[in-house]
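I opened this notebook to record what I looked up in one model.

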Amino acid sequence: MLRIVVIGSAAGGGFPQWNCSTDACNQARTGDALARTQSSLAVTADDEHWYLFNASPDLRHQINSTPALHPKNGLRHSPISGVIVTNADVDHIAGLLTLRESAPLVLYATERVHGTLRANSVFNVLNSELVARLPMTLGQSFELKTPEGKSGGMIIEPFVVPGKVALYLENPDAGPNFGSQSEDTIGLRIQSMEGGEYFFYIPGCASVPPELAARLQSAPLVLFDGTLWQDDEMQVAGVGIKTGQRMGHISMSGPEGAIAALEGLNVVRKVFVHINNTNPTLLADSPERHKVEALGWEIAFDGMEICL
Ligand code: MLT
Ligand code: MN
């Protein structure tokens with residue numbers, strides 16, 4: 001069995017975002033809307049070894065609010081055996097700094113993302129004698145390991161998805177996609193070794209080409225990039241100048257959107273994650289929320305638990 005907990009369901013910035021005073025963010029401050037922390041999952045195949053999929057700046061709070069991730073054995077212990085990151089965005093790596101304090105871990109990323117972590121010496125707080133940094137290669141499945149070298153009970157397949165390099169690595173002179181390479185943003189297929197149950201985790205994705213659609217065909221569960229409802233929503237809200245496409249994110253709605261792209265693929269359960277604070281589907285009674293649910297999608301919330 002796979003046990004999946006969405007420990008952070010919002011996109012970078014969270015909901016509310018520290019400097020945002022839209023009606024929606026203010027509602028999240030007063031409790032009139034459900035607040036959300038930044039993008040991360042915790043997954044286990046054996047109820048003992050947990051793996052984080054992305055490590056958000058809110059990780060300390062997320063661990064404290066998730067009893068399964070609390071220390072269990074002795075004075076210094078964590079059920080967290082490792083971390084797998086899907087890109088080098090701040091919302092997906094800053095939480096690695098929370099995992100200092102001499103805990104053994106295995107850290108998986110593409111070689112490109114490992115290069116970014118190596119180039120930022122602050123990540124050396126992860127003691128190299130205790131934290132193994134292992135590469136993920138696109139298209140090559142591998143078995144998750146515990147820090148002791150035992151099986152973590154899951155097979156991971158990393159694959160390329162359309163996307164963009166992290167904001168702080170953009171090279172404005174490198175053409176339309178700012179020097180992005182295929183290893184900069186990946187999707188993951190995560191499978192239990194014991195029972196064979198599997199799901200897809202794709203928190204950042206700019207479009208759904210035919211090969212990605214084919215991959216998702218008939219999947220039991222897809223957790224998918226739900227950053228924006230519509231491409232120009234940050235401009236319309238008056239809080240930013242960037243479109244979703246400029247940020248490397250597909251929208252939920254529209255003919256090119258995720259809802260249309262996954263329609264007809266027979267995916268059993270479709271859940272949006274990495275939801276930006278401008279996205280109206282965050283509000284439980286919005287017309288967009290009703291529409292997305294009527295079309296067979298769920299909007300993730302912090303603490304959402306799914307068992308496969
Ligand atoms: C994104 O998902 O586009 C990034 O997390 C944005 C950011 O780094 O603020
Ligand atoms: Mn992000």
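In which strand is Thr 44 found? I located Thr 44 in strand β2, residues 40-44; strands (E, at least two residues) and helices (H or I, at least four) are DSSP runs numbered from the N terminus.

I noted the conventions. The model is predicted, so that local features need pLDDT of at least 70 and side-chain atom pairs count only at pLDDT 80 or more, while totals for chains, interfaces and linings use all residues. Residues are numbered from 1 along each chain as its sequence is written, chains are lettered from A and ligands numbered from 1 in the order written, and side-chain values use heavy atoms, without hydrogens and water.

I then checked the surroundings of Thr 44. Thr 44 is buried, at 1% relative accessible area (buried is under 20%, exposed over 50%, partly exposed in between; 1.4 Å probe, protein chains only). Contacts of Thr 44, leaving out residues up to four places away in sequence, include Met 1, Trp 50 and Met 154 (heavy atoms within 4.5 Å).

Next I examined β1, residues 3-8, where 5 of the 6 residues are buried. I found β1 paired with β2 in the antiparallel sense over 5 bridges (pairing requires at least two DSSP bridges). Strand β14, residues 304-307, also pairs antiparallel with β1, over 4 bridges. Val 5 stands opposite Ala 42 in β2 and opposite Glu 305 in β14.

Finally I turned to Asp 91 and His 274, and recorded both as buried.
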